[in-house]
Amino acid sequence: MLKGKTALVTGSTSGIGLGIAKALAEQGANIVLNGFGDVEGPKAEIAARGVKVAYHGADMSKPAEIEAMMKFAAAEFGQVDILVNNAGIIALGTIVDTTLESWRLVNSVNSDGVFLGCKHAIPVMAKSGG
């Protein structure tokens, strides 16, 4: 169903994001993984589904890295058809114990990361008719 399409899934080296990437790969989509931690294991899991897979380690709190990731994905596969803004973090503890720096990092990843992912994905997707 998605053969020949490319999906970029943020926060996809583990958990829900990896599950989403696997499901898209099962449907034939090439996958661009993003996240921290083990990369080779998730890449192998996706490749075993018979699709192409690449990885970009953009930190979703850093605007320039998000832009670079989208350019990488488009260059690697020629297009990006699907963006799943899955990356997210939380600050553990009570609000009283949460520092302003920690609060800003959470919002940077969870809100700004989604905004910037869309901002840079839409022009790329439009080029391929998305």
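These legends accompany close-up views of a predicted model.

View 1. The predicted protein chain holds four helices and four strands. Along the sequence they follow the pattern β-α-β-α-β-α-β-α. The C-alpha atoms fill a box of roughly 50 × 30 × 20 Å along the principal axes. The radius of gyration is 15 Å; a compact globule of 130 residues would have one near 14 Å, so the chain agrees with that expectation. Of the 130 residues, 41% count as buried. The chain exposes about 7,100 Å², and carbon and sulfur atoms supply 59% of this area. Contacts also reach along the sequence: among those between residues at least 6 apart, 54% join residues at least 24 apart.

**View 2. Four parallel strands make an open sheet.** The strand order is β3-β2-β1-β4, and the pairing is parallel. From one strand to the next, the twist averages 15°. In general, strands of a sheet pair through backbone hydrogen bonds.

**View 3. Strand β1 is paired on two sides.** Strand β1 covers residues 6–9, and three bridges join it to β4. Four bridges join β1 to β2. Leu8 of the model stands opposite Leu83 in β4. Leu8 also stands opposite Val32 in β2. Which way do the residues of β1 point? Thr6 and Leu8 point one way, Ala7 and Val9 the other, and all are buried.

**View 4. Helix α1 packs on the sheet.** This helix spans residues 15–26 and touches β1, β2 (30–33) and β4. The direction of α1 makes about 175° with that of β1. Ala25 lies in helix α1. Is Ala25 buried or exposed? Ala25 has 1% relative accessibility, so it counts as buried. Beyond neighbours within four places in sequence, Ala25 is in contact with Ile31, Ile46, Arg49 and Val51. Gly11 is 14 residues from Ala25 in sequence, and their C-alpha atoms are 16 Å apart.

**View 5. The largest nonpolar core has 19 residues.** Which members touch the most others? They are Leu8, Met60, Met70, Val80 and Leu83. Helices α3 (63–77) and α4 (100–127) each supply at least two residues of this core. Helix α3 gives the most, with six residues. Nonpolar side chains tend to be buried together in soluble globular proteins.

View 6. Residues up to four places away in sequence are not counted here. Leu8, Val80 and Leu83 are, like Met70, among the residues that touch the most other members of the largest core.

Terms used
Residues numbered from 1 in each chain as written. Predicted model: local features only at pLDDT ≥ 70, side-chain atom pairs only at ≥ 80, totals over all residues. Heavy atoms only, no water. Pairing = 2+ DSSP bridges. Axes fitted to C-alpha atoms, helices over the stretch in contact; angles between N-to-C directions. Contact = heavy atoms within 4.5 Å. Rg over C-alpha atoms; globule rule 2.2 N^0.38 Å. Buried < 20%, exposed > 50% of the residue type's maximum accessible area, 1.4 Å probe, protein only. Areas by Shrake-Rupley, 256 points an atom, 1.4 Å probe, with all protein chains shown as cover. Core = buried A, V, L, I, M, F, W, Y, C linked by side-chain atoms within 4.5 Å.
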